[in-house]
Amino acid sequence: MTERPLLYTHPDCDYSDLLKRDKDAEGVEYKEINLALRPEAWTDLEKLTGGERITPVFVDQDVVTVGYGGIG
């Protein structure tokens, strides 16, 4: 069984909302990690982004997408 992708979001990030909307419309099931509710997860996110505190970050198996549509 394949793990669901992870989506790191922050409520102050409009691009997080846009990416969630897109993934929902595509029928993609993902696990959302809201960094406002889980601030300890910033450490994991920074490992994925080379130290940057940026959202959204979408992780699907070995593929990490930082930002939204080339923004970020």
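# Close-up views of a predicted model

View 1. Leu48 is located in helix α2. The model shown in this and the following views is a predicted one. With a relative accessible area of 31%, Leu48 is partly exposed. Together with Val64 and Val66, Leu48 makes up a nonpolar patch on the surface. The accessible area of these three residues together is about 180 Å².

View 2. Four strands form an open sheet in the order β2-β1-β3-β4, and the pairing is mixed. The edge positions are taken by β2 (31–34) and β4 (63–66), each of which has a single partner strand, so one side of each lacks a neighbour in the sheet. From one strand to the next, the twist averages 15 degrees. Strands of a sheet are paired by backbone hydrogen bonds, in either a parallel or an antiparallel sense.

**View 3. The parallel pair β1 and β2.** Strand β1 covers residues 6–9 and runs parallel to β2, to which four bridges join it. Opposite Thr9 stands Asn34, a residue of β2.

**View 4. Helices packed on the sheet.** Which strands does helix α1 touch? Helix α1, made of residues 14–26, packs on the sheet and touches β1, β2 and β3 (57–60). The direction of helix α1 makes about 150 degrees with that of β1. Helix α2, made of residues 42–49, also packs on the sheet. The strands touched by helix α2 are β1, β3 and β4. Between the direction of helix α2 and that of β3 the angle is about 80 degrees.

**View 5. The antiparallel pair β1 and β3.** Three bridges pair β1 with β3 in the antiparallel sense. Here Leu6 stands opposite Val59 in β3. Val59 also has a bridge partner in β4, namely Val64.

View 6. Strands β3 and β4 run antiparallel and are joined by four bridges. Val57 has Val66 in β4 as its bridge partner, while Val59 is partnered by Val64. Both Val64 and Val66 belong to the nonpolar surface patch that includes Leu48. Two residues lie between the strands of the hairpin. In this hairpin, Gln61 adopts a positive phi near 55 degrees.

**View 7. A salt bridge between Glu32 and Lys20.** How many salt bridges does the model contain? The count comes to five. One of them is formed by Glu32 and Lys20, whose closest N and O atoms are 3.3 Å apart. Because Glu32 lies in strand β2 and Lys20 in helix α1, the pair ties together parts that are 12 residues apart in sequence. Glu32 is partly exposed at 34% relative accessibility. Lys20 is likewise partly exposed, with a relative accessible area of 22%.

View 8. The side chains of Arg21 and Asp22 meet in a salt bridge, at 3.1 Å from N to O. Arg21 has a relative accessibility of 49% and counts as partly exposed. A salt bridge also links Glu26 with Lys23, and the closest N and O atoms are 3.8 Å apart. Glu26 and Lys23 are three residues apart in helix α1, so about one helical turn separates them.

**View 9. Leu18 and Tyr30.** Leu18 is a residue of helix α1. Its relative accessible area is 27%, and Leu18 is therefore partly exposed. Along the chain, Leu18 and Tyr30 are 12 residues apart. A distance of 14 Å separates the C-alpha atoms of Leu18 and Tyr30.

Methods:
Residues numbered from 1 in each chain as written. Predicted model: local features only at pLDDT ≥ 70, side-chain atom pairs only at ≥ 80, totals over all residues. Heavy atoms only, no water. Pairing = 2+ DSSP bridges. Axes fitted to C-alpha atoms, helices over the stretch in contact; angles between N-to-C directions. Contact = heavy atoms within 4.5 Å. Patch = residues over 30% accessible without salt bridge, like charges linked within 9 Å, V, L, I, M, F, W, Y side chains within 5 Å. Areas by Shrake-Rupley, 256 points an atom, 1.4 Å probe, with all protein chains shown as cover. Salt bridge = Lys/Arg side-chain N within 4 Å of Asp/Glu carboxyl O. Buried < 20%, exposed > 50% of the residue type's maximum accessible area, 1.4 Å probe, protein only.
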